Every structure is written in C-alpha cells, then in structure tokens.
Amino acid sequence: MSSDLIRGYASAIFAIAGAEGSIDRVSDELFHFAKALERSHELRSALGDIALPAERKQAVVNELLGDRASELTLHVVDFVVAQGRARELDAIVEELAALAAARRDKVLAEVRSAIPLDEEQRERIGEALSRATGKTVEAKVIVDPTVVGGIYARVGDQVIDATVRKRLQDLKEALD
C-alpha cells in the first residue's frame, strides 16, 4: 500500500475522531488493536482473507473489541477491514498516532515492557526518551512478555534497546 494511501486513511480517521472530540481515545484503542493484530498470525490471516465474508470478519472484530473500545473505533476497524486493508492497519494506525502526537507537538515512541507500567513510570520513560532523542516524546506502552526485563523503545527510526536480552547479548559478545 502506498504511503499516500496510508496517510489518506489516517487523515480521514483523524478528521472524524477530531470532529467527535475523541482523537486520543480512538488513536490509543486502534494502536492497541493493531499491536494485537501484529502479534496474532491467525487473526491477521482471518481479517486479511478475501474468501472470508465481510460479515464474519465484522463478527470477529466485534467479539475482540466488544465493550473494550468506543463505537467509533469499532466502526473504523470494521471499515478498514471491509476495504481489504487489514494487513495495512498497523501502518495506518502508526500514521494516525503520529498525527495525534504532532497535534500536541510531540513524536510517538513505541515502548515494549514485560509488565504493565503505571502513569508515573510512563511519564519517566517519556522524559528519558525526550532527553535521549532531543524531541518531546509521547510513549505508547505495549506489554510484551518476550521482553523479559527492561524496555525496548522505538522513536521514529531510532531504537533504544535496554532489555535484559540485549544486555546479555552484549556481554556474550564482549566475552567472545
């Protein structure tokens, strides 16, 4: 999918969510749904399967999101999936999150942690990433059990890997 098409979808969602006064909520809900989609091969395959009827895909989305997301988020996901763009949902959501962050004069950081982080921890991580990158950062935290310990952060194309796995790998390379 071209970046113009991704930007078009993200801009349309941004405009609709803005008109409803729910940009932050919709952006956050879509971000978490897209990350769940990214982690589940079965879900990605089902929603991207052109042979599966749109009604069945909509039922899957409704079952997954149900009461956990706003009605607007549910409609956006249904629309994107119905348009055959489920595989591009992650890119669309990243563009939407970047638009929402830019509206607040911030850049988006995707932070992966093995455990849920409270608001104070999120703020401290955001401040640390702001110092490290020289940009005002908004951290979106994803609980990822594969991280084991520490955090992994991506701000644009810059990666900060402070995971236990990375530290052990560095130690092993230093000993070899």
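Predicted model: local features only at pLDDT ≥ 70, side-chain atom pairs only at ≥ 80, totals over all residues.
Student: Why is helix H2 called roughly perpendicular to helix H3?

Tutor: Helix H2 (residues 23–39) and helix H3 (residues 41–48) pack at an angle of about 105°, with their axes 5 Å apart. Angles of 65 to 115 degrees count as roughly perpendicular, and therefore H2 is described as roughly perpendicular to H3.

Student: Which residues make that contact, and how do they divide into nonpolar, polar and charged?

Tutor: On the H2 side they are Phe33, Leu37, Glu38 and Arg39, while H3 contributes His41, Leu43, Arg44 and Leu47; the residues of this contact comprise 4 nonpolar, 1 polar and 3 charged.

Student: What makes E2 and E4 the strands at the edges of the sheet?

Tutor: The 4 strands of this open sheet, whose pairing is mixed, follow the order E2-E1-E3-E4. Strand E2 (137–143) and strand E4 (158–163) each have a single partner strand, so one side of each is left without a neighbour in the sheet.

Student: How do you know that E1 and E3 are paired?

Tutor: Pairing requires at least two bridges between two strands, and 5 bridges join strand E1 (residues 107–113) to strand E3 (residues 150–155), so these antiparallel strands meet the criterion. Val111, for instance, has Ala153 in E3 as its bridge partner. Helix H6 (residues 89–103) packs on the sheet, where it touches E1, E2 and E3, and its direction makes about 120° with that of E1.

Student: Why is the pair Arg7 and Glu95 called a salt bridge?

Tutor: The cut-off for a side-chain nitrogen of Lys or Arg and a carboxyl oxygen of Asp or Glu is within 4 Å, and the closest N and O atoms of Arg7 and Glu95 are 3.8 Å apart, so the pair qualifies. This pair links distant parts of the chain, since Arg7 lies in helix H1 (residues 3–19) and Glu95 in helix H6, 88 residues apart.

Student: Why are Arg7 and Glu95 called partly exposed?

Tutor: Buried means under 20% relative accessible area and exposed means over 50%, with partly exposed in between. Arg7 has 37% relative accessibility and therefore counts as partly exposed, and Glu95, with a relative accessible area of 24%, is likewise partly exposed.

Student: What makes Lys166 and Asp170 about one helical turn apart?

Tutor: They are 4 residues apart in helix H8 (residues 164–175), which means a separation of about one helical turn. Lys166 and Asp170 also form a salt bridge, their closest N and O atoms being 3.1 Å apart.

Note on methods: Residues numbered from 1 in each chain as written. Heavy atoms only, no water. Axes fitted to C-alpha atoms, helices over the stretch in contact; angles between N-to-C directions. Helix = DSSP H or I, 4+ residues; strand = E, 2+ residues; numbered from the N terminus. Parallel < 35°, antiparallel > 145°, perpendicular 65-115°, else oblique. Contact = heavy atoms within 4.5 Å. Nonpolar A, V, L, I, M, F, W, Y, C, P; charged D, E, K, R; others polar. Buried < 20%, exposed > 50% of the residue type's maximum accessible area, 1.4 Å probe, protein only.
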